[in-house]
Structure formats: structure tokens, C-alpha cells
Amino acid sequence: MNYEDFFQEAVASLHNEKRYRVFADLERIVGAFPHAIRRHGGKAHNVTIWCSNDYLGMGQHEKVIEAACRAVTGSGAGAGGTRNISGTNHYLVELEHELADLHGKEAGLVFTSGFVANEAAISTIARLLPDCLILSDELNHASMIEGVRHSGAEKKIFRHNDMRHLESLLASAGKERAKLIIFESVYSMDGDIAPVEAIADLADKYNALTYIDEVHAVGMYGARGGGITDREGLANRMNIIQGTLAKAYGALGGYITGTQALIDAVRSYAPGFIFTTALPPAVASAARAAISHLKTSQNERAAQQRQAQQTKAVLTAAGLPVLTTATHIVPVLVGDPDLCKRATDRLLEKHNIYIQPINYPTVPRGTERLRITPTPFHTDALIETLKTALVEVWQALGIPFAGAPQSSGKPDIQMAAAKPRADRIISLPVSKAGG
């Protein structure tokens, strides 16, 4: 048996389906974001990144960098091992206090990534509850799906943001059975928002626990950056709030917050926490600095919202098929995996613009897209450059513009209105927010 044949065939199938992922060799430069250096074929080129999850540019904020430097020079590069064996470095203790305060919870627990946080927390909580039924939104992230699988608990999938369907599943389970509703606040591919209050109402009515993933919302929404639950005053109605330190906070890691008893139970029983080396002091210190800053500063959020809205307006006015969203996510429909990859390749090679193609299984077949994430540092001039490049790519590859008929079998996805709502444009000068 030639084992290598199996691996080569597996990769070849991705190439055939136009789903093979290519990782660009990029070097971010402090003070130059969103510009970076791309190294390819022995040469270096300047590129503009339009798909970073460092939504606010906090990964290069001076307070964050200073905090990381102080920690690494004071405590070294690594954590020394798991928290069980090596102890918890004090920076992590402070970070968990910061996170609990952010969401108004009794305690917090930090993991090495948002994926690990979801997988470990969901699987552990469901295992600890007797005969637990998990009710999961059909568009939940892969990390949440893995948590459900590893829990061994029974699951029911409810249609995306469909409260009637969720209630019917809750009613069938009865009030006495343990139930865990898991969902996201902001769904990162379509940019839509969950009906958090309606889910909280159903959880109260049917005696269920709620687990909300706020990874694409923490730092971005709410008076203190606590996410959609902060913005809508609903954090106290969620039993578990999960988030990431790797997106708007510009660092690395994931976390959960909740009651002291729940957090202690996960800490004590989750293998993904117990047997994983802790975050290094520098990372924990950097994350805490970002969270602390964004609890009081509105400049980054306001400038980012303004630039996201400006991007939507400019691209839509140019006839590009921008999908309707109520968030900072700007999806542009392509609808074909081959064209999606060719579009991003052309943007990179001809226009020095880096955007990753989003293909199946991240999104359903026929909804392949570009996922654009403007930051406070994407100036109006950069937005105009992006528009010009996208129009050239769409014309060169024959990709349908907004309003053009799609090929058969492609879903009908609502496009954004050409004129954005005036009440959603925040006229803060970008330069004042570091842009």
C-alpha cells in the first residue's frame, strides 16, 4: 500500500473542485497596516490587505505592543506549560478578570484559541448536564459543531435565526430536560445578527441554558465593546458568552465567561483546557491592554463603522453584487468557485490587493464570495482603489454584476440597496482614528 497516494488524491480532489487553499506569504509591518509585504517567487511586493480579522487594527496599537513588550521582557517568551503543571501566569489572571468584567459575569476562562474554547466548553458543559439536548443554529461555526459532536449529547438543528422552529424543538423536549441553545451573535460570512432577545425569551420560557458566540462582535459593538449583547443590554440574559482575543482585540486566544460554578466546572473537566499549554504572558498582556482600551475608546469602532459603510456604498454604486448586511462584514457575491479563485488571483497579481476567496464548505455551493473587512485604516482613497480593481476583475472574468441574471441553480441572494441609510453613516474623520 502506498500511503502517499491517499494524501495526494485527497489534495487533488480539492484542486479539481477549485477548493484548494493557498496561503499567501505576508509580512505585516507595524505602522503600515493594512499594507504588507508579500513574498512570492523570490520577490517582495507591497500589497493591501482587505480581509483581515484584525478589524480595528489593534494588533499594531501602541498600547498593545507596549504591553506585550513589557511582559516578554519581564516574564519571558513562553508560559512554561499547562496551567495545572506550571501555574497560571499573573497576566492570565488579570486577563480573565478583565473579560469577566467586560461581560458582567462572575468569572472567565481563557483558551489557546476561539476554536478550542468552543469545542472544549460546549462538549464539557453538555457532558456534565444529564440527558442534555443541544439546540444548534444551522449556520454555527465549525468549532461549535465539533463541540456538539464531542459532547456525545443529542442534538437538534434549528433553521438559521428561525424562532418558530427553535420553539417547536424546545417545546418537544419539555421544560424538565436539560437543554443548551448554542448560536452566534454575528455570522461572519453573511454578516447577519441573531435575534438574541427572542432566543433569551425562549430560553426563559422553556428552562434552557444559552451559549452565545460573540467572536465577530467583541470589541466591535456596545458601549464597552462587549459585543451585540453589550449593545442590546442582554449580557445578563446569556448564561455563557464566548469570544476571541484574535480578531478585534488583535492578539490570540479564545475565552468563555459565566458563573463561577460553570467556569470552574469547565476548568476542571475540559481536556482541551487541562492538557494545553497556556497563552504566553506577552499575548495575555497584549489582549488585556486591547480590551481595556476598547472599553472606553469609541474612536476605533466609530471609524471602522464609517469605513465599512463607505465601502458598501461605493461598491454597490459601482454595480458590484454586495450582499445586504447590518454589520461590518462586506460580502461580494461571485457564485462560482473557479471564478472566485480566479478573481482573487487577479486582484493579487494585477492590483496588489489581497482578499481570500470564500468557497464551500465555508459557505454553501453557489454562494462563493469575497469577504471584505474594512478597518479604520482603509481610507476613502483605498476604497476607491478597491472599487476600480473589482470592476476591472468583474469585467475581465465576466462575473455578473448586481441585477445581472445568475446562472441556473444559483440561489437568489438579496443585494444591498445602492443608497445606504444616512443614519448608519458616522462622519468621524478617519485620520483622527489613526487612518
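D131 sits in the loop between α5 (114-128) and β5 (133-137); helices (H or I, at least four residues) and strands (E, at least two) are DSSP runs, numbered from the N terminus. Although D131 is not a glycine, its phi is positive, at about 50 degrees.

Some ground rules: you're looking at a predicted model, where local features need pLDDT of at least 70, side-chain atom pairs count only at pLDDT 80 or more, and totals for chains, interfaces and linings use all residues. Residues are numbered from 1 along each chain as its sequence is written, and side-chain values use heavy atoms, with hydrogens and water left out.

**Another positive phi**

Hop over to N352, in the loop between α14 (337-351) and β12 (353-354). Its phi is near 55 degrees, again positive in a residue other than glycine. Buried or exposed, or partly exposed? N352 counts as partly exposed, at 33% relative accessibility.

**The whole protein**

Now zoom out. Of the 435 residues, 50% count as buried.

The mean is 92, and 93% of the residues reach 70 or more. Then select residues 407-435, where pLDDT stays under 50. For that stretch the model has 51 contacts beyond four places in sequence, a contact being heavy atoms within 4.5 Å.

**Aromatic pairs**

How many aromatic pairs does the structure hold? It holds two. Rings of Phe, Tyr and Trp (its six-membered ring) pair if their centres lie within 6.5 Å; planes under 30 degrees apart count as stacked, over 60 as edge-to-face and the rest as tilted. Show F33 and F377: they are edge-to-face, 6.0 Å centre to centre, with 75 degrees between the planes. F33 is in the loop between β1 (26-28) and β2 (35-40) and F377 in the loop between β14 (369-372) and α15 (380-397), so this pair ties together parts that are 344 residues apart in sequence. F33 counts as buried, at 8% relative accessibility.

Next, show F111 and F273, whose ring centres are 5.7 Å apart and whose planes meet at 75 degrees, so this pair is edge-to-face. F111 belongs to strand β4 (residues 107-111) and F273 to helix α11 (residues 271-274), 162 residues apart. Both F111 and F273 are buried.

**Cis peptide bonds**

Go back to F33 and look at its link to P34: a cis peptide bond, omega about 15 degrees. Y360 and P361 are also joined by a cis peptide bond, with omega about 10 degrees. P361 lies in the loop between β13 (357-358) and β14.

**Last stop: I193**

Finish at I193, in the loop between β7 (179-184) and α8 (196-206). Beyond its neighbours within four places in sequence, I193 has contacts including N161, I228 and T327.

Terms used:
Buried means under 20% relative accessible area, exposed over 50%, partly exposed in between (1.4 Å probe, protein chains only). pLDDT is the predictor's confidence in each residue, from 0 to 100.
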